[in-house]
Protein chains: 4
Amino acid sequence: MKKIKVSIIGATGYAGKELMKILIKHPWVEIIHLTSSSYKDRSIAEIYPEFLSKIDRKLIDFDPKLLARDSDLIFTAVSHTVSLEIVPKLFQEREDLKIIDLSADYRLKDPLVYQEWYKKNHFPESKEFLTKAVYGLPEIYASKIKQSCFVANPGCYPTSIILGIAPLLKYHLVERKGIIIDSKSGTSGAGRKLSFDLHFSECNENFKAYKIIGHNHIPEIEQELALIYFRKEDLEKGKSIKVSFTPHLLPLNRGILSTCYLTLKKIKGEEEILEIYKQFFQNAPFIRIFEPPNLPELKFVIGTNYCDIGFRIDKRTEQIKVISAIDNLVKGAAGQAVQNMNIMNDFPENCGLEF
Amino acid sequence: MKKIKVSIIGATGYAGKELMKILIKHPWVEIIHLTSSSYKDRSIAEIYPEFLSKIDRKLIDFDPKLLARDSDLIFTAVSHTVSLEIVPKLFQEREDLKIIDLSADYRLKDPLVYQEWYKKNHFPESKEFLTKAVYGLPEIYASKIKQSCFVANPGCYPTSIILGIAPLLKYHLVERKGIIIDSKSGTSGAGRKLSFDLHFSECNENFKAYKIIGHNHIPEIEQELALIYFRKEDLEKGKSIKVSFTPHLLPLNRGILSTCYLTLKKIKGEEEILEIYKQFFQNAPFIRIFEPPNLPELKFVIGTNYCDIGFRIDKRTEQIKVISAIDNLVKGAAGQAVQNMNIMNDFPENCGLEF
Amino acid sequence: MKKIKVSIIGATGYAGKELMKILIKHPWVEIIHLTSSSYKDRSIAEIYPEFLSKIDRKLIDFDPKLLARDSDLIFTAVSHTVSLEIVPKLFQEREDLKIIDLSADYRLKDPLVYQEWYKKNHFPESKEFLTKAVYGLPEIYASKIKQSCFVANPGCYPTSIILGIAPLLKYHLVERKGIIIDSKSGTSGAGRKLSFDLHFSECNENFKAYKIIGHNHIPEIEQELALIYFRKEDLEKGKSIKVSFTPHLLPLNRGILSTCYLTLKKIKGEEEILEIYKQFFQNAPFIRIFEPPNLPELKFVIGTNYCDIGFRIDKRTEQIKVISAIDNLVKGAAGQAVQNMNIMNDFPENCGLEF
Amino acid sequence: MKKIKVSIIGATGYAGKELMKILIKHPWVEIIHLTSSSYKDRSIAEIYPEFLSKIDRKLIDFDPKLLARDSDLIFTAVSHTVSLEIVPKLFQEREDLKIIDLSADYRLKDPLVYQEWYKKNHFPESKEFLTKAVYGLPEIYASKIKQSCFVANPGCYPTSIILGIAPLLKYHLVERKGIIIDSKSGTSGAGRKLSFDLHFSECNENFKAYKIIGHNHIPEIEQELALIYFRKEDLEKGKSIKVSFTPHLLPLNRGILSTCYLTLKKIKGEEEILEIYKQFFQNAPFIRIFEPPNLPELKFVIGTNYCDIGFRIDKRTEQIKVISAIDNLVKGAAGQAVQNMNIMNDFPENCGLEF
């Protein structure tokens with residue numbers, strides 16, 4: 001195989017940093033350009049001494065011509081709304097480019113929904129890429145990703161939640177109403193931007209819920225759960241799923257653990273459910289199903305690309321409780337992006353991700 | 001007023017330690033005996049150097065005769081099942097004793113329910129104290145506590161949960177079915193006993209759910225919620241409330257934050273709900289109601305006897321989400337016990353608890 | 001006794017916040033004005049919900065006329081260089097005012113030394129207050145503080161270090177050369193100002209030294225150690241003490257632990273040294289001396305006004321190692337300021353500080 | 001190259017666990033046996049779910065015949081004094097075995113010194129291996145390690161300290177007297193054994209010094225520094241170096257940062273010193289020298305095999321302060337052991353260690 005040339009837009013954010021950490025050890029990748037709006041002309045090791053003697057490269061400004069010309073594949077690790085402009089510009093320079101977008105801008109298929117939750121309209125140029133974009137959750141969309149040149153990398157919360165409960169919805173084992181998801185995330189999920197909430201003295205020894213109404217990952221979760229649950233004709237009739245989602249901030253660096261509450265249509269044995277999960281994910285190298293009563297914990301997934309899933313059935317309340325855990329920067333961002341890159345380029349799916 | 005003579009059974013556990021911290025500054029308390037099965041004959045400051053020059057007292061063995069003779073009031077800060085034996089022995093020595101029991105043994109009014117959840121039968125001697133015991137949640141039972149000489153101090157999780165949602169159930173604003181409670185507790189809630197799960201390297205930077213089916217605080221929560229929700233005649237018909245409860249372990253020392261999900265019978269404005277909460281708790285000095293969109297955080301309650309309560313209404317899902325926060329060692333244990341002591345002795349309710 | 005009227009300049013910084021927490025429970029204090037340049041016209045509870053139902057007061061701008069008129073005593077909890085202007089303005093409005101300055105501006109008696117380390121010249125108006133200012137370390141200067149109306153409250157590192165080794169220097173038990181101090185501080189010592197270094201994800205699970213050459217607490221430490229060690233005539237000859245000081249940043253909220261290395265002139269027994277420490281601090285209610293081999297730990301002092309001191313003698317290297325620990329926001333700032341206020345006003349030294 | 005067969009004695013301790021994590025990805029290693037006295041007959045993934053689908057192997061009891069027969073190389077990751085018995089037994093079974101011992105038992109060349117600091121006598125059988133053992137610090141002893149079949153892997157504190165100051169001693173740039181080392185270690189350094197000191201609630205938000213007199217890493221540090229500083233004839237005359245060493249416990253999982261204080265014989269420029277360090281370590285792939293004023297931090301080395309070294313010259317006190325940082329479980333234990341294995345087997349020195 002030949003190495004592919006890869007660039008990163010937004011290399012100094014936490015997702016960009018994690019991408020660099022993974023890509024410098026990926027056997028089929030050559031890192032070409034790294035852009036940063038805050039640190040241009042400085043070297044990576046100046047910003048992050050961890051990369052001393054690892055990456056010897058200066059950060060540059062965003063330059064679509066240069067980036068498209070020199071790269072086979074580009075990761076756009078930027079905040080939402082930024083990719084609305086960036087992605088069309090890059091594809092305009094070169095049609096056969098591959099892009100994996102880590103922002104939220106191309107995840108929602110309906111631009112009106114995007115507008116409602118992100119308070120920003122798609123541009124005419126960006127809107128046309130909505131249909132091209134494949135939602136990059138390999139455990140569900142591997143074959144589409146394989147043929148795509150533009151992947152919308154899923155959000156961190158949605159990754160943990162959709163993977164955690166997809167089999168239950170797929171086989172209609174649970175009511176689609178009344179789904180409640182209580183998620184807890186480490187601080188790196190909030191990014192590198194300074195804020196009083198993330199000031200060490202304020203965050204340490206603290207715990208809180210935030211954005212408990214209207215977090216903008218909700219439409220992404222609901223879109224994907226509906227696609228899993230409904231037949232095409234029902235979707236066309238406008239059928240939908242609504243979830244109650246509440247994120248919390250943990251005083252630790254990395255990881256998302258989601259506790260999902262669903263009502264079983266019919267009480268089943270835990271072994272039966274276990275079997276269904278195992279089959280659903282039989283070809284997914286990064287899913288680990290825990291046998292009840294064992295349950296995932298953050299420490300088992302931190303620094304890995306795994307999504308760990310466990311569950312218990314509560315006969316008293318006729319509920320199934322599902323616990324899923326990921327590293328928000330790996331399976332929830334950079335690792336999943338590389339997993340998508342591997343699939344798009346016919347590399348082994350776990351290439352460079354076994355750490 | 002005259003000082004009362006107070007002893008603590010189990011003074012070196014975390015609840016006992018917190019009791020000592022509060023009582024040494026309480027103006028109407030004289031500490032008499034401190035017992036410890038693990039450290040008898042040693043001084044407190046040897047075990048906890050924080051008490052250097054604060055308490056000059058040797059730990060003694062449990063001696064009911066001595067304790068009952070010398071004390072007006074005794075706190076039993078012991079593990080569940082231990083109080084089954086201890087409490088009858090103490091009352092046998094002296095009938096006009098006052099006892100505040102921090103174990104779970106006298107919280108459940110039905111000994112069969114106790115047996116089911118704690119895998120232990122009441123003794124004939126202990127069973128008779130079940131009817132004497134008042135559930136020590138002052139915001140609900142202040143007048144009963146005032147006349148009682150035996151208080152069963154509530155559990156930490158139940159305190160945060162019952163206080164958080166009592167007004168909604170009292171006024172039947174929510175469905176009694178489908179109540180879901182997702183609680184998160186700091187490590188001191190697990191006590192002082194060593195375990196691999198609480199070994200620093202295992203617990204730090206980790207987060208997990210535990211006992212997600214069948215935690216033994218469930219019957220206590222359900223008993224009290226039913227007493228709030230149902231009329232006497234319905235209770236006698238055996239009507240009950242079932243909740244789904246999932247505790248999690250936070251990598252921090254103190255605090256419980258409970259996120260409660262309830263379905264509104266009828267969508268109401270947040271101001272209307274706020275008013276209902278304020279009235280319900282108008283005489284409760286340790287309840288702080290947050291005006292939406294503000295929400296409690298652990299750091300606001302740590303080291304205090306407050307229970308902070310906030311909520312938001314989610315119109316999309318017709319839910320109300322309630323967040324309540326307490327310090328598990330204060331309002332969830334020792335502070336609430338002292339609050340009960342104050343009420344039982346006609347001291348001001350907040351005496352010694354304003355720190 | 002009559003209550004005194006107290007105002008705080010800079011009430012929303014961490015030292016100001018701690019002052020409020022202490023003063024609202026102080027029996028002889030009435031809080032009058034609270035100023036904040038960042039949050040004027042907002043209420044305290046808006047900024048810090050912990051103060052809900054505790055302080056009902058709006059933050060105001062700095063107004064020397066108003067402040068001086070209404071207050072008996074003012075705490076200036078501001079950054080260094082700010083007090084150079086503020087203090088003269090306040091005293092100009094009212095001569096019989098009492099001021100306790102928590103900045104570094106009046107700690108160094110020699111304005112040239114101040115200029116060298118703080119890169120800022122004293123104003124003519126501020127310079128005249130240098131001679132008036134008493135260094136507010138009550139364990140050394142209680143009688144001067146008692147008669148003073150202007151106290152320069154010591155820095156957090158200097159407090160832990162000077163108290164830790166004062167007896168050794170006073171009685172010339174150690175060489176004055178080669179003193180090495182390795183200090184470790186929690187993050188609140190760096191204040192409330194946002195910085196990448198104090199961003200939770202950067203600071204958590206990290207540890208580092210900082211400003212290892214030229215930290216501006218050095219001249220304060222050296223000035224005070226020299227005053228303890230030398231006779232007046234030697235000081236006038238320009239004799240001085242030089243220490244090697246290295247601060248480190250701990251990933252925790254509060255506390256300073258200093259490890260001090262000194263060479264013994266003559267090996268002595270630990271009991272003998274213990275006796276010397278006990279006598280030196282016999283009237284100091286906030287000093288706790290640990291008997292070897294026991295040693296201070298941060299958790300024993302956090303949330304208290306104590307300075308805990310322990311030591312061991314290393315015969316192999318002829319050294320004495322002294323460990324001292326304080327809460328940087330209490331004994332290292334607000335608590336010590338209140339201790340000074342108590343002494344200046346003839347209140348009991350520990351009034352309001354027993355928590 | 002052919003894979004070598006490797007076994008681990010003590011696989012479930014923290015060092016053993018880290019060895020497994022590294023070795024499962026090492027291209028030239030096949031893991032054969034894993035022993036554990038506490039968990040025999042159980043699978044690794046039962047103890048550490050992180051290894052689910054990574055290692056499928058049952059833990060066995062220590063069986064020298066079996067282990068020696070099946071393995072080319074054995075890591076003994078056991079507590080000190082245990083290797084005194086184990087190592088001779090293994091070599092007895094097979095002479096051409098390679099052993100890397102992670103205990104302290106063969107680091108000190110003088111059995112009397114061992115006896116003095118570890119309170120245990122060498123056996124006649126173990127004593128003869130003292131001369132065979134090579135001290136496994138590759139940056140100093142690479143050529144000896146290459147030819148050895150028995151390596152005593154250095155302690156974590158000694159690794160950080162010896163590497164940090166070796167160039168200064170080698171070239172006699174500093175006084176050999178008065179060396180002071182103030183080290184801070186994360187909790188994993190204390191191992192997996194439960195203790196009250198490492199109970200989360202006791203350790204979190206705390207910081208303390210421990211074993212400040214007589215830590216048993218001192219003779220190891222002094223032995224190696226003397227070997228670097230003195231010529232052979234001086235050593236034979238009994239010349240030695242004494243250091244003052246004080247370890248502290250950090251409330252974080254991994255990492256050691258040592259702050260070393262040495263007196264310069266002659267003040268030099270920082271550039272000159274920098275050049276000396278760079279040359280000294282020019283062939284050392286795991287040493288990173290920081291250019292002043294940059295300094296190492298724990299987060300740069302955590303999860304890596306690097307030893308980061310920085311320094312500053314303090315002209316006021318004629319000192320050089322050296323800061324060195326390692327991950328105690330990697331460069332301080334398992335990583336260094338694998339580095340030694342690589343050298344002993346002619347693998348590239350950094351093979352399997354670039355993560």
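Two residues are in contact here if their C-beta atoms, placed from the backbone, lie within 7 Å. This is a predicted model: local features need pLDDT of at least 70, side-chain atom pairs count only at pLDDT 80 or more, and totals for chains, interfaces and linings use all residues. Residues are numbered from 1 along each chain as its sequence is written, while chains are lettered from A and ligands numbered from 1 in the order in which they are written.

**View 1. The contact of chain A with chain C.** Chain A gives 13 residues and chain C gives 13 residues. On the side of chain A that touches chain C, six residues are nonpolar, six polar and one charged. For these classes, Ala, Val, Leu, Ile, Met, Phe, Trp, Tyr, Cys and Pro count as nonpolar, Asp, Glu, Lys and Arg as charged, and the others, Gly among them, as polar.

Two copies of a chain are related by a rotation about an axis and a shift along it. Here, chain A is superposed on chain C by a rotation of 180 degrees with 0.0 Å of shift along the axis, at RMSD 0.0 Å. That is the relation of a two-fold axis. In chain A, A:Phe200 has the C-alpha nearest the axis, 2.2 Å from it. Both copies use the same surface: 100% of the contact residues of chain A recur in chain C. Superposition is by least squares on the C-alpha atoms of residues with pLDDT of at least 70 in both copies.

**View 2. The contact of chain A with chain B.** Here 34 residues of chain A touch 34 residues of chain B. On the chain A side, the elements that give two or more residues include strand 7 (179-185), strand 9 (243-249), strand 10 (256-263) and helix 13 (298-301) of chain A. Helices (H or I, at least four residues) and strands (E, at least two) are DSSP runs, numbered from the N terminus. The chain A side divides into 14 nonpolar, nine polar and 11 charged residues.

A rotation of 180 degrees, with 0.0 Å of shift along its axis, superposes chain A on chain B with RMSD 0.0 Å. The same surface serves both copies, and 100% of the contact residues of chain A recur in chain B.

**View 3. The six-stranded sheet of chain B.** Six strands form an open sheet in the order 2-1-3-4-6-5, with parallel pairing. Strands pair if DSSP finds at least two bridges between them. Strand 2 (29-35) and strand 5 (134-135) of chain B stand at the edges, each with a single partner strand, so one side of each has no neighbour in the sheet. Strand 1 (residues 4-9) of chain B runs parallel to strand 2 of chain B, joined by five bridges. B:Ile8 has B:Leu34 as its bridge partner in strand 2 of chain B.

Helix 14 (residues 330-344) of chain B packs on this sheet and touches strand 3 (73-76), strand 4 (98-101) and strand 6 (150-152) of chain B. The direction of helix 14 makes about 155 degrees with that of strand 4 of chain B. Axes are lines fitted to C-alpha atoms, for helices over the stretch in contact, and angles run from 0 to 180 degrees between N-to-C directions.

**View 4. Strand 4 of chain C.** In a regular strand the side chains alternate between the two faces of the sheet. Strand 4 (residues 98-101) of chain C is covered on both faces. C:Lys98 and C:Ile100 are buried on one side, C:Ile99 and C:Asp101 on the other. A residue is buried if 20 or more other C-beta atoms lie within 10 Å of its own, exposed if 12 or fewer, and partly exposed in between. Strand 3 (residues 73-76) of chain C pairs with strand 4 of chain C in the parallel sense over four bridges. There, C:Phe75 has C:Ile100 as its bridge partner.

**View 5. The seven-stranded sheet of chain C.** This open sheet has the order 8-9-7-10-13-12-11, with mixed pairing. Strand 8 (208-209) and strand 11 (287-289) of chain C are the edge strands, each pairing on one side only. Strand 7 (residues 179-185) and strand 9 (residues 243-249) of chain C pair in the parallel sense over seven bridges. C:Ile179 stands opposite C:Val243 in strand 9 of chain C.

**View 6. Helix 4 against helix 6 in chain D.** The axes of helix 4 (residues 82-93) and helix 6 (residues 124-132) of chain D come within 9 Å and cross at roughly 80 degrees. That makes the two helices roughly perpendicular, the class for angles of 65 to 115 degrees (under 35 is roughly parallel, over 145 roughly antiparallel, the rest oblique). D:Leu84, D:Val87 and D:Pro88 in helix 4 of chain D meet D:Glu125, D:Ser126 and D:Phe129 in helix 6 of chain D.
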